[in-house]
Amino acid sequence: MLRLRTAAAVLALATAFAAPALAAAPQVRPARTVVLETSEGSDFSAAMSPRGDRLVMDLQGMLWNVPVKGGKATRLTEDTFEAMRPRWSPDGSQVAVQAYTGGMWRVWTLSPDGKRRRQLTDGPYDAMHPAWSPDGKKIAFVSDRGGADDLWILDIASGAMTQATKGAMAQEPSWSPDGMKIAFVQAYGPLKVVTLATGAVETLPLPADAARRPTGPSWSPDGEQIAYVGFGAQTGRLMVTDLAGNARRVGDLDNAFSFAPTWLADGRLLYTANGKIRTIGQSGAAPAEIAFSARFDMKRGGYTRKAYDFDGTTPRPVKGISAPALSPDGRQVVFKALNDLWLLPIGGTARKLTSDAFYESDPAWSPDGRQIAYASDKAGTTRLFVMDLASGQTRQVGSGDGAQLSPAWSRDGARLAYQTDTGETRILDLASGESRALIPASDSPSRPSWSADGRTVAVAAVNQRRNRILAVDVASGRQAWHDPAAFRSISTRGDDGPLWSPDGRWMAFSMGGTLWVLPVSADGAPSGPARQLTREASDAPSWAADSRTLLYLHNGQLRLTDIEGATPRTVPTGLTWTQDVARGRTLVHAGALWDGAHEAVRRDVDILVENNRIASIAPHSDAAHAGVAVVDASGLTVTPGLFEMHNHQQMRSKLLGDRQGRMWLAFGVTSTRSPGDPVYRAIEDRESLASGARIGPRLFTTGEMLEGSRLMWAFSRPVESKDQLAIELSRAKDLEYDLIKTYMRFPSDWQIEVADFGHKAMGVSTTSHFIFPGVAHGVDGAEHFGGPTRWGFVFPHLFRGDVYGDTLDGLARSGMELTTTNFSSKLSLLDLPNILDDPRVRAFYPPWEMASLKTTIACADKSGPCNFFLPPDEQGSRLTVRDLLRIKRAGGSVMIGTDAPLDHPALSLFVNMMSLQTYGFTPFETLQAATLVPARAQGVDADLGSIEPGKLADLVFVEGDPSKSIADLIRVRKVMKAGKLYDVEELLAPFGR
């Protein structure tokens with residue numbers, strides 16, 4: 001409750017408690033070189049030469065020479081070459097590898113010393129898993145150049161290639177000694193053999209035991225046996241089978257790595273397992289280890305961190321302009337900014353079309369320019385609305401279950417194409433109110449666009465790992481895929497097109513980060529090559545009715561050009577925003593304080609908050625309460641505000657709407673960080689939250705993840721050239737990203753350049769899914785610990801077993817910042833009884849999120865199936881936390897991040913924390929992983945992360961004692977963000993039920 005005292009007493013307190021200095025000095029990270037020497041490797045392969053005189057391994061993407069009797073390894077290739085899966089030629093004169101060069105996997109051959117190199121494959125296709133023919137004249141490899149991963153055979157002398165399988169989803173070929181057959185593994189499936197003369201494929205009848213799932217086949221010299229690694233849950237075992245499928249285990253190691261073993265001349269097998277290189281015979285002879293040591297020099301970049309002003313109220317220009325649309329007459333622009341829709345006459349003053357706390361998105365002009373369709377959550381769930389501009393009247397259109405968003409008008413104004421929460425595209429007849437499905441659910445398609453004759457709808461959707469144009473016949477549903485240009489992608493599947501010109505002759509889109517137009521026929525098929533219009537970062541194109549004038553976004557500015565590529569001109573919005581800073585004094589009487597900086601809990605203390613910061617912390621005194629607003633938390637424990645460090649906040653922002661920020665606050669989260677999101681929605685969200693136009697935690701964000709030429713997520717940007725990389729970095733700098741993230745196929749040499757640019761030009765950190773080689777070149781963070789990578793080793797505790805000294809010590813000694821994202825930890829939901837009845841879950845989880853949560857709980861308590869992506873896994877969770885604890889105790893940096901909303905928003909943060917405590921972290925270490933450690937990683941620990949005088953007043957008020965049980969952290973009753981206090985009931989009010 002609040003108790004007010006006299007003005008005289010307030011003045012006395014003002015004298016007693018001097019305000020702290022507000023401007024924190026910029027954080028400086030010193031440059032240093034960390035030397036790591038390791039005798040263990042994670043997920044690496046090794047190969048012995050045919051004569052047994054040379055041994056190579058591919059530790060952490062580098063090729064190394066290892067003495068055959070063990071010893072110091074000598075590096076043969078640079079880390080950015082990413083040489084992997086070495087195979088010796090039959091005469092021992094060359095080594096074939098796959099290397100990631102030019103943004104694709106290529107097959108290369110190298111001399112044994114690594115100095116003479118020859119690239120054997122090229123083009124916009126991957127070529128992986130090379131294997132020599134017995135005569136040394138050919139190499140079999142896996143490539144998608146035929147549309148799927150199949151076996152191809154390269155004649156080395158002529159360069160000719162032939163396809164050996166069709167649609168096989170092949171991996172890891174191995175030639176029979178007579179050169180007539182190739183054994184291979186079907187992805188996550190059986191061991192198969194193809195007869196090259198006929199193309200016939202047969203399946204080797206291995207035992208049905210799940211622990212026998214094969215990888216890495218290797219044909220014996222006599223052609224009678226195949227060695228392989230068999231995988232089951234958390235295990236990898238060396239196996240040998242005859243051609244009848246009679247398999248037996250060799251050796252006793254349970255973490256053999258998934259690579260082809262080498263048959264040695266004496267019948268022994270050389271393979272990698274449990275972090276080591278091992279040899280073993282088949283007759284029960286004792287195994288032998290070939291010990292090695294390898295040295296890595298990790299250069300950790302020195303730089304001054306970006307300075308944050310959490311106190312200033314100077315107006316700042318609005319850069320978060322989302323989904324701008326040019327009016328048909330070319331005279332006005334509608335867009336979203338600062339949590340509302342705005343109408344801007346070009347050359348005039350912008351005015352609000354909406355003025356409320358609801359979440360609007362995707363404004364679209366009717367063809368006659370009199371109405372605007374948009375999506376809003378003011379009906380409780382995101383629905384479609386149409387506003388008449390003359391009268392200002394708004395009506396809801398359409399009905400049905402689920403969310404509705406991304407409206408697009410047909411040219412006759414009679415229909416709206418729109419999308420649902422599942423990614424389905426539908427058509428709504430405005431007269432009848434009836435809708436029907438047009439395009440089945442897909443992964444985050446772009447906003448739809450109509451052809452001039454109304455017979456076709458186009459979207460950007462992912463196909464062949466690219467953002468391609470999907471044109472769909474409205475009457476029949478017939479689909480046709482088109483490339484914006486050969487083997488290229490539309491920049492993002494959001495607002496970057498394709499957008500049909502009103503006359504139907506062109507499609508506009510962003511490609512390679514700039515604006516292009518593609519001539520098309522009436523059904524959307526390209527009728528000529530695409531033409532580039534701009535040379536600067538260009539997003540979110542829209543047309544005027546003349547089909548000549550184009551509006552787009554350039555690094556936070558509206559720009560106009562035309563179909564001939566006229567010199568762009570800026571359309572000023574005139575909008576600014578001002579930081580919302582709390583004013584006044586509040587005294588919090590805390591029954592217990594767990595400040596995040598010290599392990600001990602203090603009892604019965606007063607926390608004085610002046611404006612937005614903590615002025616003092618002192619033992620409770622009734623006298624100090626005189627004349628100041630008091631928050632009586634004498635029955636509660638106060639902890640620092642929580643950080644969620646891996647939250648793709650915009651991934652479902654249009655679906656969660658106003659719920660999202662309220663939800664995070666109601667669970668005690670006062671800061672979130674997004675490592676990848678649609679950039680303009682992210683910047684709009686950051687500005688709306690900072691200005692107070694939207695309720696929720698402060699947001700640290702980046703834009704789309706920088707990706708290679710192939711991609712998966714809608715919030716990735718394919719980067720296809722160095723010229724484009726400069727464009728993308730200009731966007732990052734101008735829009736003031738808080739970090740930069742690179743993704744799975746982003747080339748390592750470019751990643752080094754990004755890290756250097758982020759550090760020196762912006763003062764921000766960089767993160768990715770890789771540890772090496774980035775850890776040796778200043779990359780600051782790694783997401784997921786074992787997330788997907790182009791190397792093919794994903795989520796080690798789920799699919800591949802364990803990690804070893806090279807990875808663990810590299811993370812610990814480098815100080816690389818690591819997020820938990822422990823998807824296996826969902827079993828901890830069972831330690832949150834009645835969570836489905838929690839008012840916050842009932843209010844803030846829309847139906848589709850609630851259904852997903854119920855499915856997870858049913859799996860965890862064994863009342864339902866577990867046939868969904870990344871289900872609860874007790875062993876996986878335990879192993880993950882075990883290694884996180886090893887990194888933490890060795891001086892590494894572990895912080896809470898969940899990958900929400902891919903994991904359950906807000907709740908996943910607590911189950912991640914609870915899993916840490918369950919498997920060895922102390923409550924204090926766990927709390928710091930969600931408070932001070934992430935604040936330090938973001939460079940704001942002088943302002944956030946703990947409850948100390950001078951810091952921002954981010955406080956969480958909970959029932960119970962989190963110093964003993966982290967589960968009590970979820971029992972939030974109030975939360976304070978930078979001096980602004982919210983009751984959970986207040987946050988629930990608009991959505992409570």
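Begin by selecting L907 and displaying its surroundings. Apart from neighbours within four places in sequence, L907 is in contact (heavy atoms within 4.5 Å) with F667, L829, I835, V841, Y845, L853 and I970. This is a predicted model, in which local features need pLDDT of at least 70 and side-chain atom pairs count only at pLDDT 80 or more, while totals for chains, interfaces and linings use all residues. Residues are numbered from 1 along each chain as its sequence is written, and side-chain values use heavy atoms, with hydrogens and water left out.

Buried means under 20% relative accessible area, exposed over 50%, and partly exposed in between, with a 1.4 Å probe and protein chains only. Helices (H or I, at least four residues) and strands (E, at least two) are DSSP runs, numbered from the N terminus.

In soluble globular proteins, nonpolar side chains tend to be buried together.

**Salt bridges**

How many salt bridges does the structure hold? There are 59 salt bridges, each being a side-chain nitrogen of Lys or Arg within 4 Å of a carboxyl oxygen of Asp or Glu.

- Select D254 and R249: their side chains form a salt bridge, at 2.7 Å from N to O. D254 is partly exposed, at 33% relative accessible area, and R249 is partly exposed as well, at 34%.
- Select R882 and D883: the closest N and O atoms of this salt bridge are 3.2 Å apart. R882 is partly exposed, with a relative accessible area of 30%, whereas D883 is buried at 0%.
- Select E959 and R973: this salt bridge has its closest N and O atoms 3.2 Å apart. The pair links distant parts of the chain, 14 residues apart, with E959 in the loop between β70 (955-958) and β71 (972-977) and R973 in strand β71. E959 is partly exposed at 27% relative accessibility, as is R973 at 31%.

Now select D496, D539, E704, R717, E728 and R731. Salt bridges that share partners join these residues into one network.

**Strands and pairing**

Select strand β28 (residues 292-300) and show its side chains. Which residues form the covered face of β28? The covered face consists of F292, A294, F296, M298 and R300, while S293, R295, D297 and K299 form the uncovered one. V34 has M298 of β28 as its bridge partner. Strand β6 (residues 71-72) pairs with β28 in the parallel sense over 2 bridges, and G71 is there the bridge partner of F292.

Move to the open sheet of 4 strands in the order β39-β40-β41-β42, with antiparallel pairing. Its edge strands, each pairing on one side only, are β39 (404-409) and β42 (435-439). Strand β41 (residues 425-429) runs antiparallel to β42 and is joined to β42 by 4 bridges.

**Backbone geometry**

Most residues other than glycine have a negative phi, and most peptide bonds are trans. The following selections depart from these patterns.

- The peptide bond from G497 to P498 is cis, with omega near 10 degrees; P498 is in the loop between β46 (479-482) and β47 (499-500).
- F772 and P773 are joined by a cis peptide bond with omega about 0 degrees, and P773 lies in the loop between β66 (765-768) and β67 (781-782).
- M169, not a glycine, has a positive phi of about 50 degrees. M169 occupies the loop between β15 (161-163) and β16 (170-175) and is partly exposed at 38%.
- S547 has a positive phi near 60 degrees. S547 is in the loop between β51 (539-543) and β52 (549-554) and is buried, at 4% relative accessibility.

Definitions and conventions: Two strands pair if DSSP finds at least two bridges between them.
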